[in-house]
Amino acid sequence: MISSTVYSQKFFNQLGMLKLSAVKSFPVDCLVKSISDDELKDRLYEMGIFPGQSIRLLKKAPFGDPFMISVDDSYLMLRLNEADLISVEMVEKS
Amino acid sequence: MRKIALVGNPNVGKSTLFNKLTGLNQHVGNYPGVTVDKKYGITSINGEKYEIVDLPGVYSINPKSEDERIVYEYLTKKSDIDLVVVIADALNLERNLVLFSQIYDLNLPIMLVVNRIDMKGASKIDPYDLSRLLGGIPVAAINARTGDLKDLKDQIGGFERPDQWQQFYTKTEEDNYEKEIEERFAIVRKLLKFLKKESKEASSITNKLDQILVHRFFGYGIFIGILFLIFQFLYAFANVPMDLIDSFFGVASGFVSDFLPAGPVSALLAEGIIPGIGGVVIFIPQIALLFLFLTILEETGYMTRAVFLMDKLMRPFGLHGKSVVPLMSGVACAIPGIMAARSIDQPKERLITILVTPLMSCSARLPVYILLITLTVPDQQIAGFINLQGLVLLGMYLLGLIAALLFGMLFKFILKTESKSFLIMEMPQYQVPYLKNVLFNVYEKSKAFVWGAGRIIIALSIILWVLGSYGPDSFGNDKSEELISQTALESSFIGIAGQQIEPVIEPLGYDWKIGIALITSFAAREVFVSTMATIYSIDNEEDEASLLQRMNQEVDAYTGEKRYGLATGISLMIFYAFAMQCMSTLAITKRETKTWKWPLIQFGYMTTLAYVSSLIVYQLLA
């Protein structure tokens, strides 16, 4: 399992996957690869953010935090701390 | 009476449906031990009466937050629910049906309502098809705002549980909660595949508006502009009814004291009860207007964009993006501000917002500032064009803001919380506000203030009146009428208390007369001016010029210097800026936090801050 040492690395989690918090370009489509263990993990799952789901990073707030993303048909805002828990793979725009 | 529980995600129009079903026939109560209000109402369906409980909006019934705990416990522990109505948003059916599947698996009598069925981008759902897919449970498709609810009402009225009932998802030994959610999403997705789906392009307007409204420059400009407009309207429109209310209660008092035989009863009515009620009613225009604007911002979906812009800036101060609104309201009046903090989901950030909002300089402090500035700050220009008096006034407002932010920071470190702070918030699509919801919210907030805080305020007004009208001598043999007239203030309990505290307040530069004013100001800060007028025996309270002259002539008995010099003036203004001298605010903090602990802490920290800072300032300046 992924341990809490993910926090020691800024851009990638332990398995070398890109964190959503490190994604610089937007808007961009992403495929969720994993969610780090955290007390917010359940909450993210309930909002439809879990491995295999595609999400879209739409915007960052003017000071770089929070993030605006879309999941299915809904728009969500989450803080950098939450985006840190989400590992993604960027999808080339078709 | 049959009982219906209304459950759904936040922002799906649950309250709209609840308002539409119950009208004004709704009540607010408490769930035991929590701060969330319990909303319930009565509706009549096909001649039969139903009690509807509007449960808090949740994304799941896995009890993590207070709201989820309430919903979970209500659904699993109450055995007398006749029907659970799950309301889902046609704009986001997938996630909404995941919640539905969780509740369905509790094996309760259940039906599904799909809202916003005719919105652009909504899933085109045939209720009959969906009902069949869900094993025969009733499904109604509605638009809670515009459409009629006859179909929904018929289905509720004729509700029967389907014979067959098959669990959506059965938990196996090795499945954890995450696995369960993934499975539920997969099942719901499979179900939805059978239904025709409209191509979605609804959010284009939302996308376009977001380009401007959360833009790095325009976004903040528009936000500041909106706040500016709200407070302009608040001042412009609230003042007229407030003056009317003020003079109405003034006339009523005068009428009572003129026509009732003079005596304790007449005085209690004219000087205690009627002004007490007046002191509650006078806040209603501000509360109603502020919530009119706030609900419109909330309903349109703009409020979440303001959170998006402000969250990062507010966080170092222990506050939330949504704290901006309560703090700004605090400039008009802390009471609606504290009530507005309810929209903050995070318990800790909400509490900090409630605790620091009264530090913002409210409009009741303005008459005090103006009197003291005119009296003690020289009317001169700095650098040729800046008016010193105006600068000091601006300084008082900034002082309030800085104190609020610094204490927010302090509370952030002191207060402990069970859960860590996070922000995962849905940003609804922009929509036109629904007038009925707006008016309901205004009505509900005003009512909550009158019933929740009004009783405490009236009770305290009467106690203050008794203490200000009677003294130890009142209980002697000659209970003359003079003792209940205002000239007796100095020999009343409050007057004596004011004299008793003189040694304590002397280091701040105050005498016993100011001491009396400090105590009476607890009813409301602006009472300072009228108390001063009473103490200096000015017959006409409105005549500030003569009060100014009297106060200006006042001389310190020992030093022979002017009583109201610059040092005393500044010290007193700082005391009024920081001290918790507003029982209405304490009453509303009690109502919002549901305990006396926080109003007492608020009173303690603010008054200590006031005392210490005034002491330092006076000792430095004198």
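This is a predicted model: local features need pLDDT of at least 70, side-chain atom pairs count only at pLDDT 80 or more; totals for chains, interfaces and linings use all residues.
Visitor: Let's start with chain A. How many helices and strands does chain A have, and in what pattern?

Guide: Chain A comes to 2 helices and 6 strands. Read along the sequence, they run β-β-α-β-β-β-α-β.

Visitor: And what share of chain A counts as buried?

Guide: Of its 94 residues, 57% do. As for contacts in chain A between residues at least 6 apart in sequence, 52% of them link residues at least 24 apart.

Visitor: On to chain B. What makes Phe231(B) a buried residue?

Guide: Its relative accessible area is 10%. Buried means under 20%, so Phe231(B) gets the label. You'll find Phe231(B) in helix 8, residues 218-259 of chain B.

Visitor: Which residues does Phe231(B) touch, leaving aside its neighbours within four places in sequence?

Guide: Those are Leu290(B), Met328(B) and Ser329(B). Heavy atoms within 4.5 Å are what makes a contact. As for Ile570(B), Phe231(B) is 339 residues from it in sequence and 27 Å from it in space, C-alpha to C-alpha.

Visitor: Why is Ser461(B) called buried?

Guide: Try the cut-off again: buried means under 20%. Ser461(B) has a relative accessible area of 14%, so it is buried. Ser461(B) belongs to helix 18, residues 454-469 of chain B. Not counting residues up to four places away in sequence, Ser461(B) touches Gly272(B), Gly276(B) and Met583(B).

Visitor: Why is helix 1 of chain B said to be largely enclosed by the rest of the structure?

Guide: Because 7 of the 9 residues of helix 1 (residues 14-22) are buried. The buried ones are Lys14(B), Thr16(B), Leu17(B), Phe18(B), Asn19(B), Leu21(B) and Thr22(B).

Visitor: What comes just after helix 1 of chain B?

Guide: Gly23(B), which takes a positive phi of about 60°.

Visitor: How do you know that the span of helix 15 of chain B agrees with its number of residues?

Guide: Take 1.5 Å times one less than the number of residues. With 12 residues, 365-376, helix 15 should span 16 Å, and its end C-alpha atoms are 16 Å apart, so the two agree. Several residues of helix 15 are buried, among them Arg365(B), Val368(B), Tyr369(B) and Leu371(B).

Visitor: Which domains does the assignment give for chain B?

Guide: Domain 1 covers 2-193, and domain 2 covers 218-370 + 413-440. Their C-alpha centres lie 33 Å apart.

Visitor: How many cavities of 30 Å³ or more does the whole structure have?

Guide: The search finds 4. The largest cavity has a volume of about 170 Å³. It is lined by 15 residues, and the closest to its centre are Asp89(B), Leu91(B), Glu426(B), Pro428(B) and Gln429(B).

Visitor: What makes up the lining of the largest cavity, and which domains does it draw on?

Guide: The lining divides into 6 nonpolar, 5 polar and 4 charged residues. Leu and Pro count as nonpolar, while Asp and Glu count as charged. Domain 1 and domain 2 of chain B each supply at least three residues of that lining.

Conventions. Residues are numbered from 1 along each chain as its sequence is written. Chains are lettered from A and ligands numbered from 1 in the order in which they are written. Side-chain values use heavy atoms; hydrogens and water are left out. Helices (H or I, at least four residues) and strands (E, at least two) are DSSP runs, numbered from the N terminus. Buried means under 20% relative accessible area, exposed over 50%, partly exposed in between (1.4 Å probe, protein chains only). On a 1 Å grid over the protein atoms alone, a cavity is a set of points where a 1.4 Å probe fits but cannot get out, and a pocket is an open set with protein on both sides within 12 Å along at least five of seven lines; lining residues have an atom within 4 Å of a point. Grid points are joined across faces, edges and corners, and a volume is the space filled by probe spheres set on the points. Domain bounds come from an automatic or database domain assignment.
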